[in-house]
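Trainee: I have a chain open here and would like to go through it with you. Can we start?

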Amino acid sequence: MTTLSPKAVYHNLSLLEQVDTVRSACYRQQAIEIISDEEVSLRWRQAIADRLVHANYLLAQVNVTSEDSY
């Protein structure tokens, strides 16, 4: 897999609503890889983590109904 820059990964997370499920999963995986890479600055890792958390929240809002049980 080609290593993307943190900036590219951050941008890709803004596209999650516009891409298919497989590409969305790839973007999420890239984000997780960047977040876990200690060589990436804390500022980038935090920004990517925040955007990923927000994207996951939006996904849950769309896919979870009141009948779903946790």
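**Contacts, rings and burial**

Mentor: Start with arginine 45: leaving out residues up to four places away in sequence, it touches Ile34, Ile35, Asp37, Glu38 and Val40. Keep in mind that this is a predicted model.

Trainee: Which helix is arginine 45 in?

Mentor: Arginine 45 belongs to helix α3.

Trainee: And is arginine 45 buried or exposed?

Mentor: Arginine 45 is buried, and it has no salt bridge. The nearest side chain of opposite charge is that of glutamate 38, 5.7 Å away. A salt bridge needs a side-chain nitrogen of Lys or Arg within 4 Å of a carboxyl oxygen of Asp or Glu.

Trainee: Stepping back, how many helices and strands does the chain have?

Mentor: Three helices and zero strands. Read from the N terminus, the order is α-α-α.

Trainee: What share of the residues is buried?

Mentor: Of the 70 residues in the chain, 24% are buried. The chain exposes about 5,400 Å², and carbon and sulfur atoms supply 53% of that area.

Trainee: Can you give me a buried residue to look at?

Mentor: Take isoleucine 48, also found in helix α3. Its relative accessibility is 0%, so it counts as buried.

Trainee: What does isoleucine 48 touch?

Mentor: Not counting residues up to four places away in sequence, isoleucine 48 touches Pro6, Val9, Tyr10, Leu13, Ala31, Ile34 and Ile35. Proline 6 is 42 residues from isoleucine 48 in sequence, yet their C-alpha atoms are 7.8 Å apart in space.

Trainee: What about contacts over the whole chain?

Mentor: Among contacts with a separation of 6 or more, 51% are between residues 24 or more positions apart.

Trainee: New topic: how many aromatic pairs are there?

Mentor: The count is one aromatic pair. Tyrosine 10 and tryptophan 44 have ring centres 5.9 Å apart and planes at 65°, so the pair is edge-to-face.

Trainee: Why does 65° make it edge-to-face?

Mentor: Because planes over 60 degrees apart count as edge-to-face.

Trainee: Where do the two residues of the pair sit in the chain?

Mentor: Tyrosine 10 is in helix α1, residues 6–13, and tryptophan 44 is in helix α3, residues 42–63. They are 34 residues apart, and the pair links distant parts of the chain.

Trainee: How accessible are tyrosine 10 and tryptophan 44?

Mentor: Tyrosine 10 has 27% relative accessibility, so it counts as partly exposed. Tryptophan 44 has 32% and also counts as partly exposed.

Trainee: What sits over the ring of tyrosine 10?

Mentor: The charged end of arginine 51, which is 3.7 Å from the centre of that ring.

Technical notes:
Residues are numbered from 1 along each chain as its sequence is written. This is a predicted model: local features need pLDDT of at least 70, side-chain atom pairs count only at pLDDT 80 or more; totals for chains, interfaces and linings use all residues. Side-chain values use heavy atoms; hydrogens and water are left out. Rings of Phe, Tyr and Trp (its six-membered ring) pair if their centres lie within 6.5 Å; planes under 30 degrees apart count as stacked, over 60 as edge-to-face and the rest as tilted. Helices (H or I, at least four residues) and strands (E, at least two) are DSSP runs, numbered from the N terminus. Buried means under 20% relative accessible area, exposed over 50%, partly exposed in between (1.4 Å probe, protein chains only). A charge sits over a ring if NZ of Lys or CZ of Arg is within 6 Å of the ring centre and within 35 degrees of the ring normal. Lys and Arg count as positive and Asp and Glu as negative; His and the chain ends are not counted. Contact means heavy atoms within 4.5 Å. Accessible areas come from the Shrake-Rupley method with a 1.4 Å probe; for residues, only the protein chains shown count as cover.
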